[in-house]
Amino acid sequence: MNHYTQMAKYFLEGNEDEALQYLQTAETPFNRLLAFENLLTPTMYHIGDLWENNQISVADEHLATAVCDFVLSQVDYRATKQDLDQSKKVLLFGVEEEQHYLGLKMVASVFRDQGWKVRYLGPNLPLGHVIKQIDTFKPDVIGVSASLSYRLPKLQEVVESFQNLEWNPQILIGGRMAKKHDLSKFVSDKVFVMKDLEQLQGWLEGDQNSVDATSS
């Protein structure tokens, strides 16, 4: 049994503590990014495949999602935060009707690990409500997530709206759609497509110092 099928077993059994311990000891020393990218992400893809093939029920899938959510929250809570001033801000959300959120929550954790101030709004947000949060928070970076191809028109509407913001925040597009589809038409000097967490980490390490802080 490989790592992700073992983790899936813990998730589907509802074994929160065992799942958390397994995540933290599967690789030593513990590396948050690798744990998310190499264990949690393939675990949830595997569970999604089981559900699509009618090998587990929707209740099983919901239980696994809840356990994964718990594990992510515990990793964030127990982690030692970098002693940074959180002058850079990021706002993260999923487009309207998008229900998947675990990948977005992993992205929030990676930003926190880098010392950013994070406003995580979760999935399925209408654009008008997001705009109100953005106008109040004025983030340096806006991260938007979508998984399924039929969300593409909504994603385009969202990105075009954000490109008109007066302080010119950088826009990150992620989610399963970014990994499976060619989104190069969105890319510009302010819009970036992130196919996975390792690419995000590289972008943060290479570009975060060039982002002008807009603290308020």
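Me: What makes Lys-9 and Glu-13 a salt bridge?

Reply: The term asks for a side-chain nitrogen of Lys or Arg within 4 Å of a carboxyl oxygen of Asp or Glu. In this predicted model, the closest N and O atoms of Lys-9 and Glu-13 are 2.8 Å apart, so the pair meets that cut-off. Side-chain atom pairs count only at pLDDT 80 or more, local features need pLDDT of at least 70, and totals for chains, interfaces and linings use all residues. Side-chain values use heavy atoms, without hydrogens and water, and residues are numbered from 1 along each chain as its sequence is written.

Me: Why are Lys-9 and Glu-13 separated by about one helical turn?

Reply: Because they are 4 residues apart in helix α1 (residues 3–13). Helices here are DSSP runs of H or I with at least four residues, strands are runs of E with at least two, and both are numbered from the N terminus.

Me: Why is Lys-9 called partly exposed?

Reply: Buried means under 20% relative accessible area, exposed over 50%, and partly exposed in between (1.4 Å probe, protein chains only). Lys-9 has 37%, and Glu-13, with 41%, is partly exposed too.

Me: What makes Ser-109 buried?

Reply: Its relative accessible area is 1%, so it falls under the buried cut-off. Ser-109 lies in helix α5. Leaving aside neighbours within four places in sequence, Ser-109 is in contact (heavy atoms within 4.5 Å) with Arg-32, Phe-36 and Asp-76.

Me: Why are β2 and β5 called edge strands?

Reply: The open sheet has 5 strands in the order β2-β1-β3-β4-β5, with parallel pairing. Each of β2 (117–120) and β5 (191–193) pairs on one side only. Pairing requires that DSSP finds at least two bridges between two strands; β1 (residues 89–94) and β2 have 4, so they count as paired.
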